[in-house]
Amino acid sequence: MLLSLPERNACQEKESILLYYHISPDDLNGHLLSVSIEIDRPESGQQTLWLPSWIPGSYLIRDFSKHIINLTAERNEQPLAVTQTSKSQWQVQTGDSKQPIVVRYQVYAWDLSVRSAYLDQQQGFFNNTSTCLAVAGQEKDAVELTVSPPAAASHWKLATGMPRVSGHAYEFGRFSADNYDALIDYPFLMGDLTVKEFIAHGIKHALVLSGRHYADTSRITADLARICEHQINLFEEAPFSSYTFLTMVVGEGFGGLEHRNSTALLCSRKSLISAQQNSMDDDYQTFLSLCSHEYFHSWNVKTLKPKAFLPYQLDKESYTEQLWFYEGMTSYFDDYLLHAAGIIDAKRYLTSLGDTLARVERGTGQRLQSVTESSFLAWTKFYQQNENAGNSIVSYYAKGALIALCLDLTVRLQSDHQLTLAHIMRDLWHKLGKTQAGTSDDTFAEFFNSYPGIDVSELLENALYGRDSLPVVELLENFGVKVRPVAPKNDNSSSGKAVEQPAKVTLGARYQPEPDGLKVLAVYHNESAYQAGIAAGDRIIAIDHLLASASTIDDLLRRFTPGDRVCVHVFRRDELLPLTLTFSAPAKSSYPLTISQPEHLNGWLRHD
């Protein structure tokens with residue numbers, strides 16, 4: 001379907017805007033967004049157009065251009081020749097004239113995630129990295145974007161953080177962006193939206209939900225307000241004048257992506273607390289932690305960022321060793337600030353911290369890869385994990401969060417509890433984030449050590465480039481927190497929770513119970529399943545000639561002791577394999593944390 005370009009405001013200054021984008025969700029059944037670009041002053045001879053290959057904050061080449069369909073160009077309704085010169089670049093033959101041209105195309109929108117674009121009869125979501133081609137040579141120019149409602153759902157609302165030119169709040173209309181980098185940093189959500197606005201630190205915020213839900217939006221926004229207030233107080237100011245939590249609610253799903261004055265979120269329906277619930281549960285905490293994480297990114301990676309991201313190179317990978325800081329610090333503060341704001345108690349916070357410790361310590365990944373290597377190779381190893389990931393890589397999110405914990409506790413001890421990691425983050429943001437100076441690999445040690453009495457050089461050197469466990473246990477003991485590693489209930493349950501019935505033996509593999517067996521998800525190097533020859537993807541159907549299933553596995557494993565040998569039957573593809581497995585004692589891979597000496601907390605944790 002061809003688009004009619006929107007009429008311009010007669011008072012609009014022609015010299016200020018040279019690019020006009022128009023997006024219309026015309027085909028809900030076909031999941032197609034129709035896009036047009038009016039280019040007032042194209043290059044003579046040929047005009048190059050290009051689309052980003054990745055979206056900032058998600059470090060994987062995604063080649064969004066593969067979803068572009070039927071790109072054409074015209075001048076005065078006369079077609080112009082278009083040639084695709086690479087996977088994400090096109091050239092329009094403009095001739096000698098610099099008269100305006102119009103480019104039209106469609107975008108297939110069927111990726112229900114926070115990274116791309118999605119459209120159906122219930123809702124629509126898009127990032128402009130997926131929808132808006134850049135006009136070469138005009139990337140720094142201001143642009144205008146019009147979003148029209150679908151004819152089949154004219155009652156839909158529209159939410160975005162992009163500055164509005166026309167229309168009322170949550171209506172379709174015209175929007176503006178200072179340049180292309182800004183244009184692609186404002187996601188859009190449309191549908192039968194639930195909108196609940198709230199104020200935090202004098203700034204207007206909004207929780208916007210699409211999809212069927214039973215959320216107690218008053219409770220949720222009250223909790224979000226506390227989180228947002230606490231974070232703005234931490235940094236002393238906000239790098240935005242309004243903020244929107246754009247949330248797609250689904251049956252099962254999880255994801256978040258930070259933007260300059262909003263975040264795109266994907267969450268399960270059960271994660272939004274309902275009016276019938278009174279107490280905090282794990283699902284709701286997960287949602288609040290996700291919101292806290294993405295909101296903290298407003299300072300830590302959206303404004304304070306590596307020099308390698310100034311500017312982003314959107315046509316290729318932008319390598320940095322610093323993701324341990326930008327994702328790790330943020331991962332530390334997301335739950336910690338829920339506790340500091342009084343939303344979760346110390347016990348819940350320590351359970352979350354134990355979960356993080358278990359994720360890092362289970363498996364051999366941190367023995368083979370440093371956290372800086374994990375950061376640098378995010379594009380291939382971290383964002384393209386396979387069944388061997390636990391044996392070969394370490395998460396810069398999880399280990400980065402533990403590094404942040406170690407730094408926080410260390411500077412508190414070295415300063416006699418006068419200095420905290422939050423103070424340092426505030427100062428670092430004011431010096432290098434607010435000013436957009438950016439950080440180098442050696443920035444962090446130098447900045448920390450600039451405070452009187454602080455020296456974290458050895459800690460950071462070992463933590464960033466070494467492949468050993470961090471001194472978490474020793475540091476926590478200085479704050480009256482006891483760490484007692486124990487065996488988990490089974491191979492799937494390493495965590496920070498207390499364990500009532502630790503496993504006696506281990507398979508040495510993670511598995512997914514299914515009606516007809518146990519699907520092996522991952523095998524740990526040199527443990528029982530590995531020694532027996534079991535592989536990821538196998539389906540275990542019997543252990544010691546007895547059915548192995550979701551309902552029998554825990555009872556089966558309780559019958560054995562370390563050293564027992566049993567026959568295990570597995571299907572590998574369609575072949576039945578009888579294998580011999582020798583059980584071993586499970587690793588102590590759960591980390592329940594308890595406060596043993598409250599008087600030693602010294603303000604790090606609340607102890608009500």
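Colleague: What is the order of the strands in the open sheet of four strands, and how are they paired?

Modeller: The order is 9-10-15-13, with antiparallel pairing, where strands are DSSP runs of E of at least two residues, numbered from the N terminus, and two strands pair if DSSP finds at least two bridges between them. This is a predicted model, in which local features need pLDDT of at least 70 and side-chain atom pairs count only at pLDDT 80 or more, while totals for chains, interfaces and linings use all residues. Residues are numbered from 1 along each chain as its sequence is written, and side-chain values use heavy atoms, with hydrogens and water left out.

Colleague: What makes strand 9 and strand 13 stand at the edges?

Modeller: Strand 9 (117–119) and strand 13 (157–160) each have a single partner strand, so one side of each is left without a neighbour in the sheet.

Colleague: What joins strand 16 to strand 17, and what lies in the turn of their hairpin?

Modeller: Strand 16 (residues 194–200) and strand 17 (residues 203–210) run antiparallel and are joined by seven bridges, with Glu-197 standing opposite Ala-206 in strand 17. Two residues lie between the strands of this hairpin, and His-201 in the turn has a positive phi of about 55°.

Colleague: Why is helix 12 called roughly antiparallel to helix 15?

Modeller: The axes of helix 12 (residues 398–414) and helix 15 (residues 457–465) cross at roughly 170° and come within 11 Å. Angles over 145 degrees count as roughly antiparallel, and that makes helix 12 roughly antiparallel to helix 15. The contact (heavy atoms within 4.5 Å) includes Lys-399 and Ile-403 of helix 12 and Leu-459 and Ala-463 of helix 15.

Colleague: What makes a set of residues a nonpolar core, and which residues touch the most other members of the largest one?

Modeller: Such a core is a set of buried Ala, Val, Leu, Ile, Met, Phe, Trp, Tyr and Cys residues joined through side-chain atoms within 4.5 Å, buried meaning under 20% relative accessible area with a 1.4 Å probe, protein chains only. The largest core has 168 residues, and among those touching the most other members are Tyr-21, Leu-476 and Trp-604; its largest share, ten residues, comes from helix 12.

Methods
Axes are lines fitted to C-alpha atoms, for helices over the stretch in contact, and angles run from 0 to 180 degrees between N-to-C directions. Angles under 35 degrees count as roughly parallel, over 145 as roughly antiparallel, 65 to 115 as roughly perpendicular and the rest as oblique. Buried means under 20% relative accessible area, exposed over 50%, partly exposed in between (1.4 Å probe, protein chains only).
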